[in-house]
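Subject: Structure handover and notes

Dear colleague,

Here is the structure I promised to pass on to you. My notes follow below it, and I would be glad if you read them with the model open.

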Amino acid sequence: MGVLDIYSASSNCFFRTSSSHTPLTPGSAILGNKNRVVSMASVQPVDHQVNDGQQQVTGDSFIRPHFRKLSPYQPILPFEVFEALGSLKFPYIYPDPESRRLRAALAEDSGLEAKYILVGCGADELIDLIMRCVLDPGDKIVDCPPTFTMYEFDAAVNAAGVIKVPRKSDFSLDLELIKDAVEKEKPKCIFLTSPNNPDGSIINDDDLLKILKLPVLVILDEAYVEFSTIESRMQWVKKHENLIVLRTFSKRAGLAGLRVGYGAFPLSIIEYLWRAKQPYNVSVAAEVSACAALKNPTYLENVKDALLKERERLYNLLKDVPFLNPFPSHSNFILCKVTSGMDAKKLKEDLAKMGVMIRHYNSKELKGFVRVSVGKPEHTDILMDCLRRFY
């Protein structure tokens, strides 16, 4: 697994391998060992047992070498779904390998024909499936941190390199650096999230169209799109051969525990994903629950409206906290920069002692940031009461 970071600073462009920073003038060649294998965590070398003077092979010697250096990913049921699960008639029968009932319901919900839609065991499965179908070992993807870390993780699993093009200080995409990275590094695909996790920023149509003109497969992750003011780009796959759009039931319907994701694909691509996907990847319970959720769009819309109203209230309250700088969000969370000498990690730990959980980040792009999920009004009230104890 190779990792290449691309930065901009003043008029210079910095390309960083995992071992050094090398300043480049515009148009210069990228220097450094781009193919250097980087482990995500320290590991012990594989030991071979020796008995009676003879070397014996251990089981882990059969594992692909880069897998032995790979760290595991660190991850962090409403309304009619309970009734649908309670009346499940055939849990002992294998599920429909084509998820036809759910895909038909999604076609009605999205306005996109079912033939463009593939369902997975969460969008995470589809991310990995795309990589397995597209990437050969040594191929590269473009990642734009801070963002969803599964892209980098799955690239490592598939022995692909990662070209990191960091976002700007306002978390918007750096289109010029993305263009440069695609031209110089020739990646197979780029992963984009809109609204982005963890800051909630969105990609406008103009920027997305510019990226779609590049010779790269664009995977647009819309896990949080229901909480934004923009329309899904699922329909775009009919006119853009290099676009894939991913969605999930984890956020919009609160079905994260049942693992149901789906994607919209050009017909020229989905044909091959059908060949590679596991036959029974979506369980009977997951399909029944997702269909039940889609049958009650009014409920889903009411919950979304209540969340957006509370998000605005929470954002305005957080702006009054002297040591927090919240960022506008189009998602169901709000990212905050911790300022005024307050330590972000200690703030998270102190709030946890009060029974309030927020997200703290250790990555270089998010050092000194915390993220607050939008909940019910009473949850906001409790959070604010706790925060006021610090000033």
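Helices (H or I, at least four residues) and strands (E, at least two) are taken as DSSP runs and numbered from the N terminus, while axes are lines fitted to C-alpha atoms, for helices over the stretch in contact, with angles running from 0 to 180 degrees between N-to-C directions. This is a predicted model, in which local features need pLDDT of at least 70 and side-chain atom pairs count only at pLDDT 80 or more, whereas totals for chains, interfaces and linings use all residues. Residues are numbered from 1 along each chain as its sequence is written, and side-chain values use heavy atoms, with hydrogens and water left out.

The axes of helix 4 (residues 122–134) and helix 9 (residues 267–276) come within 10 Å and cross at roughly 100 degrees. Helix 4 is therefore roughly perpendicular to helix 9 (angles of 65 to 115 degrees count as such, those under 35 as roughly parallel, those over 145 as roughly antiparallel and the rest as oblique). Leu129, Ile130, Arg132 and Cys133 of helix 4 are in contact with Tyr272, Leu273 and Ala276 of helix 9, contact meaning heavy atoms within 4.5 Å.

By contrast in topic, the axes of helix 11 (residues 297–319) and helix 13 come within 10 Å and cross at roughly 10 degrees, so helix 11 and helix 13 are roughly parallel to each other. In this pair, Glu310, Arg313, Leu314, Leu317 and Leu318 of helix 11 meet Pro377, Thr380, Asp381, Leu383, Met384 and Leu387 of helix 13.

Finally, some backbone details deserve a look. Most residues other than glycine have a negative phi, and most peptide bonds are trans. Pro145 and Pro146 are joined by a cis peptide bond with omega about 0 degrees, and Pro146 is found in the loop between strand 7 (140–143) and helix 5 (150–157). The peptide bond from Ser194 to Pro195 is also cis, with omega near -5 degrees. Phe171, although not a glycine, has a positive phi of about 75 degrees and lies in the loop between strand 8 (161–164) and helix 6 (175–185).
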